[in-house]
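Colleague: I am new to this structure and would be grateful for a guided discussion. May we look at the model together and proceed from the whole to the details?

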Amino acid sequence: MKKILRLITSSLMIVLLSTGCSSKKAEKPKVGDKPPVVLYEQAKQALESASFEKASDILEALDTRYPFGPHSDQVQLDLIYAYYKRGETAFALANIDRFLRLNPTHADLDYIYYMRGLTYIGADQQFFQDLFGIDRYNRDPNNAIQAFKDLSRIIKYYPNSEYAVDAQQRIIDLKDRLARYEIGIAQWYLKREAYIAAVNRCKIVLNNYPDTPAVEQALEIMITAYEALGIEEPKMNALSILKLNYPNNPTL
């Protein structure tokens, strides 16, 4: 019995010592204690080689150890980019909000809003959509709406920004995504014979996204809904618009 107790005690001591050693290893900082200029150069090299995890580790250390050091603003901007590339949307958005709060008149605000727009687009994507090419347009549109707002801000307030052209292209894609979301809801209402609700969703498409392919579907749904409601004049108006803009529509 005493031998068993000694064996158990010895085993516990080994486990505790092993845990202590592993804890010390875990507590060891990932980034060595080097001058900020040296660390920033290493971070730049990591970014250039697409080693975003390594870059974010170094940049986090710089941001923590030298918050007012050389390149402090650029460190934060690079850290946002590293988080975005790693798919760490929550960290990226938190750092963007902090940067905007501390630097409301910074010269690179167009870049910050651009990165926030891209980050929200990333948050709007889903793993299975990326993996299998499944277009889940009916998912919660809140992130897409936020992205649309940020990218639209660039077009409005920073039209000469180097990010304006790409922002404009992404806005086109976001409009299409948001319009299809409204169409999806309108179709859902139509199936349940909630015709007024279906028409109202289609009006959102016509008013907010008139330059998207979803307009054709919106008009089709409106015609069906008005016919079911027995309302002739709005139905004929929608039909004439459909004929004028989509003369090859199969429902005509």
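Colleague: To begin with the surface, what share of the accessible surface of the protein belongs to carbon and sulfur atoms?

Modeller: The model is a predicted one. Its accessible surface comes to about 15600 Å². Of this surface, the share that belongs to carbon and sulfur atoms is 55%.

Colleague: Which element of the protein has the lowest mean pLDDT, and which the highest?

Modeller: For the protein as a whole the mean pLDDT is 87, and 83% of the residues reach 70 or more. Helix 1 (residues 2–27) has the lowest mean among the elements, at 43. Over residues 1–28 the pLDDT is below 50, and beyond near neighbours in sequence this stretch has zero contacts in the model. At the other end of the scale, with a mean of 98, stands helix 10 (residues 195–208).

Colleague: Among contacts between residues at least 6 apart in sequence, what percentage join residues at least 24 apart?

Modeller: The protein has 252 residues, and buried residues make up 37% of them. Of the contacts between residues at least 6 apart in sequence, those that join residues at least 24 apart come to 53%.

Colleague: Why does the length of helix 4 agree with its number of residues?

Modeller: Helix 4 covers residues 72–86, which is 15 residues. At 1.5 Å a residue these should span 21 Å, and the distance agrees because the end C-alpha atoms are apart by 21 Å.

Colleague: Which helices do the buried residues of helix 4 pack against?

Modeller: The buried residues of helix 4 include Val75, Leu79, Ala82 and Tyr83. Just after the helix, Gly87 takes a positive phi of about 80°. The partners of the buried residues are helix 2 (36–48), helix 3 (52–65), helix 5 (89–102) and helix 6 (109–124).

Colleague: What covers the buried residues of helix 11?

Modeller: Helix 11 (residues 214–229) has 16 residues and reaches 23 Å from its first C-alpha to its last, close to the 22 Å expected. Among its buried residues are Val215, Leu219, Met222 and Tyr226. Just after this helix, Gly230 has a positive phi of about 75°. The cover of the buried residues includes helix 9, helix 10 and helix 12 (232–245).

Colleague: How many aromatic pairs does a search of the whole structure find, and why is the pair of Tyr111 and Tyr163 described as it is?

Modeller: The search finds five aromatic pairs. The ring centres of Tyr111 and Tyr163 are 5.6 Å apart and their planes stand at 50°, so this pair is tilted. Tyr111 lies in helix 6 and Tyr163 in the loop between helix 8 (142–157) and helix 9 (164–191), so the pair ties together parts whose separation in sequence is 52 residues.

Colleague: Are Tyr111 and Tyr163 buried or exposed?

Modeller: Together with Tyr114, these two residues form one aromatic cluster. The relative accessible area is 15% for Tyr111 and 18% for Tyr163. Buried means under 20%, so Tyr111 is buried, and Tyr163 is likewise buried.

Colleague: Which residues does Leu174 touch, not counting residues up to four places away in sequence?

Modeller: Leu174 lies in helix 9, and at 7% relative accessibility this residue counts as buried. Its C-alpha atom is separated by 8.0 Å from that of Ile145, 29 residues apart along the chain. The residues touched by Leu174 are Ile121, Ala144, Ala147, Phe148 and Leu151.

Colleague: Where does Glu193 lie, and is this residue buried or exposed?

Modeller: Phi of Glu193 is near 60°, a positive value in a residue other than glycine. Glu193 lies in the loop between helix 9 and helix 10. At 58% relative accessibility, Glu193 counts as exposed.

Technical notes
Residues numbered from 1 in each chain as written. Predicted model: local features only at pLDDT ≥ 70, side-chain atom pairs only at ≥ 80, totals over all residues. Heavy atoms only, no water. Helix = DSSP H or I, 4+ residues; strand = E, 2+ residues; numbered from the N terminus. Expected span 1.5 Å × (residues − 1). Buried < 20%, exposed > 50% of the residue type's maximum accessible area, 1.4 Å probe, protein only. Contact = heavy atoms within 4.5 Å. Phe/Tyr/Trp six-rings, centres within 6.5 Å; stacked < 30°, edge-to-face > 60°. pLDDT = per-residue confidence, 0-100. Areas by Shrake-Rupley, 256 points an atom, 1.4 Å probe, with all protein chains shown as cover.
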